[in-house]
Amino acid sequence: MQAVQFAGHGGTEVVEYGEVPDPEVGRGDVLVDVKAGALNHLDVWTRRGMPQLDLATPHVPGSDAAGVVVETGADVTRFDEGDRVAVSAGVFCGDCEFCRDGDYPLCTSFHVLGEHVPGVHSEYAAVPEDNLVPVPENVDWETAAAAPLVFQTAWRMLHTRADIEAGEKVLVLGASGGVGHAAVQIAAHAGAEVYATASSPEKLRYAEEIGAEHAIDYTETDFADEVRAHTGKRGVDVVVDHVGEATWSDSLRSLAKGGRLVTCGATSGGRPETHVQRLFWNQLSVLGSTMATPGGRRRALAGVGRHLRRAGSGRAPDERDRAGPRATGEPGGLWEGSRNPRQRTLMVTHDPREDHDDAGGMSERAQWFVVAALVVSGVLAPLYLYVVGPGSFGLGYRDTYLAVPMIPAVLLGAIGVWTAVRGQ
Ligand SMILES: [Zn+2]
């Protein structure tokens with residue numbers, strides 16, 4: 001099968017799309033025919049390489065994907081062939097002291113698909129049953145692939161770790177990014193007053209569209225000053241920070257007394273300065289968070305599904321930034337790490353034209369040609385006969401006219417068959 005892969009760490013030039021061995025389906029695994037995958041900042045970190053990250057190469061990256069179940073291992077009980085599923089990348093042992101308490105993200109052997117072990121940016125992926133969630137019919141592939149990692153991460157940060165309450169003030173940094181845009185929506189849904197930072201008028205508008213009451217352009221103004229001014233010098237109750245070094249001081253400075261800073265990442269660097277006096281005098285809490293429990297994941301994704309049902313569409317308005325180039329074409333460009341205002345670049349690993357119709361074994365395009373052929377022969381032929389008249393029957397050379405309306409029909413039918421044979 002084909003997969004995104006890299007043989008060594010580095011820039012986007014290390015990323016290739018090519019042949020890898022087909023995945024082996026273990027007893028507890030489900031083989032997924034991947035329809036879409038999503039790029040997270042985590043993927044960029046994995047590509048660049050991190051201390052303590054010792055990967056077998058070539059490494060197939062990717063923590064987010066969605067697709068159709070095509071095979072199940074002998075011990076799989078919850079999924080069948082044909083089920084629509086999305087990948088949830090956190091893997092836990094189920095047996096350590098934390099797992100026995102149900103707090104799986106604290107598992108002593110916790111690891112992430114695509115980061116520590118082979119990922120899912122491939123045509124097919126063998127994924128443990130516990131790492132799959134069902135995808136409702138009303139959710140399109142791109143949204144299903146883009147939602148799990150960032151929405152469950154933001155859910156645990158806000159609900160499990162920071163324990164937000166309705167009426168609290170929550171500041172979300174980088175509100176147009178993956179975790180940021182999920183955090184804005186989850187906090188707003190929980191009844192918090194959401195402050196959001198972003199770096200352009202378009203991103204600020206977007207933050208407001210998805211629930212932020214106060215959008216702050218951090219390139220124009222000091223966001224901590226702005227937050228303090230907005231709140232009568234009080235500050236906010238919770239800051240969601242995934243930026244790290246560049247924002248850490250100002251995040252702490254944005255907090256009210258007794259406030260909580262919750263972090264899940266350090267995209268700008270991991271060794272910030274901390275003003276310890278501010279920490280103890282204002283009695284602040286610094287909370288770390290990563291991924292979520294299956295329960296948190298379920299609640300976060302249920303929220304995405306409800307939102308889609310209310311919106312009456314298969315695509316969340318906040319997940320619309322669909323892929324430019326497909327992985328097959330320009331994986332390097334795709335893997336640049338999106339700076340798009342509407343968060344992450346998504347990718348479709350399969351050329352949609354390869355999605356054969358299960359029922360007839362004929363692609364949609366081939367079916368259209370055949371239908372067109374039937375319409376042409378069914379409508380044009382009688383029409384032609386009506387115009388030429390019944391005299392054309394059985395009268396020598398005029399018989400050949402009968403073939404005229406059939407020519408386009410035969411051509412279209414032939415194209416249909418050719419298309420089906422070529423599997424397009
Ligand atoms: Zn464990």
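Two residues are said to be in contact, or to touch, if their C-beta atoms, placed from the backbone, lie within 7 Å. The structure above is a predicted model, in which local features need a pLDDT of at least 70 and side-chain atom pairs count only at pLDDT 80 or more, while totals for chains, interfaces and linings use all residues. Residues are numbered from 1 along each chain as its sequence is written.

With contact defined in this way, and leaving aside residues up to four places away in sequence, Ala373 touches Ala409, Leu412, Gly413 and Gly416. Ala373 belongs to helix H11, residues 364-388, where helices (H or I, at least four residues) and strands (E, at least two) are DSSP runs numbered from the N terminus. Ala373 counts as buried because 21 other C-beta atoms lie within 10 Å; the word buried applies at 20 or more such atoms, exposed at 12 or fewer, and partly exposed in between, with C-beta atoms placed from the backbone. Although Ala373 and Val410 are 37 residues apart along the chain, their C-alpha atoms are separated by 6.8 Å.

We turn next to a sheet. Six strands form an open sheet in the order S12-S11-S10-S13-S14-S15, with parallel pairing, and two strands are taken to pair if DSSP finds at least two bridges between them. S12 and strand S15 (285-288) are the edge strands, each pairing on one side only. Strand S14, residues 255-263, pairs with S15 in the parallel sense over four bridges, and Thr263 has Gly288 in S15 as its bridge partner. In general, strands of a sheet pair through backbone hydrogen bonds, either parallel or antiparallel.

Helix H6 lies across S10, S11, S12 and S13, and runs at about 150 degrees to S12; for such angles, axes are lines fitted to C-alpha atoms, for helices over the stretch in contact, and the angles run from 0 to 180 degrees between N-to-C directions. Which residues of H6 are buried? In this helix, residues 223-230, they are Phe223, Ala224, Glu226 and Val227. Seen down the axis of H6, these buried residues fall within an arc of 160 degrees, so they line one face of the helix, the arc being that of the directions from the helix axis to the C-beta atoms. Their cover includes strands S10, S11, S12 and S13 as well as helix H7 (248-253).

Finally, the mean pLDDT of the protein chain is 83, and 80% of its residues reach 70 or more, pLDDT being the predictor's confidence in each residue, from 0 to 100. Over residues 313-361, however, the pLDDT is below 50. Where pLDDT is low, the predicted coordinates should not be read in detail.
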